[in-house]
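Trainee: Could you walk me through this one slowly? I'd like to know what to look at.

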Amino acid sequence: MDSIWTKTARLPRFAPLKNDLQTDVLIIGGGIAGLLCAYLLAEAGVDYALVEAKRICSGVTKDTTAKVTSQHGLIYHKLIREFGPQKAALYYRANQEALERYRELCRGIDCGFEEQDAFVYSTRSRGKILRELAALKQLKCPADFQPALPLPFPIAGALVFRRQAQLHPLRFAAAIARGLHIYEETKVQELMPGRATTGGGNITANKIIIATHFPILNKHGGYFLKLYQHRSYVLALKGAPVPGGMIIDEDKKGLSFRSWGEQLLLGGGSHRTGKRGGGWRELEAFARQHYPSAQITARWATQDCMTLDGVPYIGRYARSTPDLYVAAGFNKWGMTSAMAAALALTRMVQGKATPYASLFDPARTMLRPQLLANAAESTAGLLTPTVPRCPHLGCALKYNPAERSWDCPCHGSRFGEDGSLLDNPATDDKGM
């Protein structure tokens with residue numbers, strides 16, 4: 001179940017830490033967010049080090065669909081309602097700046113960077129599309145209405161952001177990682193203020209950034225309540241019509257479409273981790289019906305951290321941790337949000353102001369409807385009298401027959417049938 005990216009890229013290797021280390025900024029996590037933080041700090045001349053428990057990009061980064069866009073579904077109407085127009089405009093600006101930085105960096109990188117229009121459609125409600133378009137006009141964000149799209153089913157309407165982008169995430173990551181101060185196979189075993197303990201040595205640092213997809217420190221920040229995880233699935237199809245642009249359904253359980261060369265990347269089958277969903281079965285049925293002559297060349301699944309309000313957590317880990325920072329909760333827009341996080345965090349750790357601090361503040365209110373749903377799932381998982389159980393906080397694991405894994409519906413940890421850890425927030429294997 002390797003993604004098309006892992007089949008077509010080679011990442012550089014880095015040695016594990018073997019001695020004690022002192023640095024100004026320690027980055028924990030070698031996915032795209034951590035790598036971008038390291039790259040930008042190196043560019044700024046800041047002393048840093050990055051540690052990764054396994055290999056760089058071995059987590060969710062290798063499974064992204066790698067769309068770089070400020071079009072994140074029908075989010076801007078919601079942002080205006082929840083945060084007001086000023087912060088909604090800041091969200092757009094942060095993601096546009098991320099897009100522009102990718103555009104700038106990719107001029108010198110062979111990573112298949114392509115400008116593409118980004119479309120979001122609704123199969124049932126033109127009103128939702130028009131409402132979002134009105135919100136974008138209020139924010140002076142350029143977007144256009146599309147009555148139809150080249151899809152094998154009718155839609156009620158769509159809107160489009162022009163000149164967004166897609167790329168090959170691992171080729172990009174390989175290019176920026178070369179020459180960085182990285183230690184692979186270096187797992188953080190204990191984290192204290194200004195200090196991290198690993199199997200290869202102790203690291204002291206003035207500032208620490210946790211970029212581990214789901215934050216690994218439970219005793220601060222309440223992330224086990226503020227985040228849940230969502231799985232989605234992808235088929236690479238050869239011989240299917242390739243869309244002009246990147247296309248997604250506004251419905252969380254809908255389909256997504258993008259191209260890679262002559263192949264169609266069809267996404268969907270989504271569900272909360274540990275719950276039932278359509279998975280590859282749903283995508284295969286769609287492909288048989290609409291692209292009967294297409295050949296499946298790759299299939300994979302990915303996992304996304306979802307926040308309570310649809311905005312990432314980027315900034316100080318908690319109010320009580322002045323020198324500890326976090327980047328998490330990218331809500332299925334990991335490539336763009338990772339760059340937005342890196343641009344903000346590299347300023348913060350240097351003591352510089354960023355206009356996005358209050359927007360992304362991890363300590364903002366938790367009083368959102370999703371909090372009750374997360375609490376209910378956690379309670380149910382804790383009270384379910386079954387084994388095996390997740391070593392993170394003790395919830396009952398559910399078997400996922402499609403991926404032959406044991407998944408936690410509380411917080412999204414996943415384990416292989418042999419008990420090996422697949423996805424955090426758990427940090428250790430689970431004996432079966």
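Trainee: How many helices and strands are there in the protein?
Mentor: The protein has 10 helices and 21 strands, where helices (H or I, at least four residues) and strands (E, at least two) are DSSP runs numbered from the N terminus. Keep in mind that this is a predicted model, in which local features need pLDDT of at least 70 and side-chain atom pairs count only at pLDDT 80 or more, while totals for chains, interfaces and linings use all residues. Residues are numbered from 1 along each chain as its sequence is written, and side-chain values use heavy atoms, with hydrogens and water left out.

Trainee: Switching to aromatics, how many pairs does a search of the whole structure find?
Mentor: The search finds 17 aromatic pairs. Rings of Phe, Tyr and Trp (its six-membered ring) pair if their centres lie within 6.5 Å, and planes under 30 degrees apart count as stacked, over 60 as edge-to-face and the rest as tilted. One of the pairs is W5 with W300, which is edge-to-face, at 6.5 Å centre to centre and 65° between the planes.

Trainee: Where in the chain do W5 and W300 lie?
Mentor: W5 lies in the segment before strand 1 (21-28) and W300 in strand 15 (residues 295-307), so this pair ties together parts that are 295 residues apart in sequence. Both W5 and W300 are buried.

Trainee: Which kind of pair do Y121 and F153 form?
Mentor: Y121 and F153 form a tilted pair, with 5.8 Å centre to centre and 50° between the planes. This pair also links distant parts of the chain, since Y121 is in strand 4 (residues 114-122) and F153 is in the loop between strand 5 (144-146) and strand 6 (157-166), 32 residues apart.

Trainee: Are those two buried or exposed?
Mentor: Y121 counts as buried because its relative accessibility is 1%, and F153 is buried as well, with a relative accessible area of 19%. Y121 and F153 also belong to one aromatic cluster together with F257, F286 and Y291.

Key: Buried < 20%, exposed > 50% of the residue type's maximum accessible area, 1.4 Å probe, protein only.
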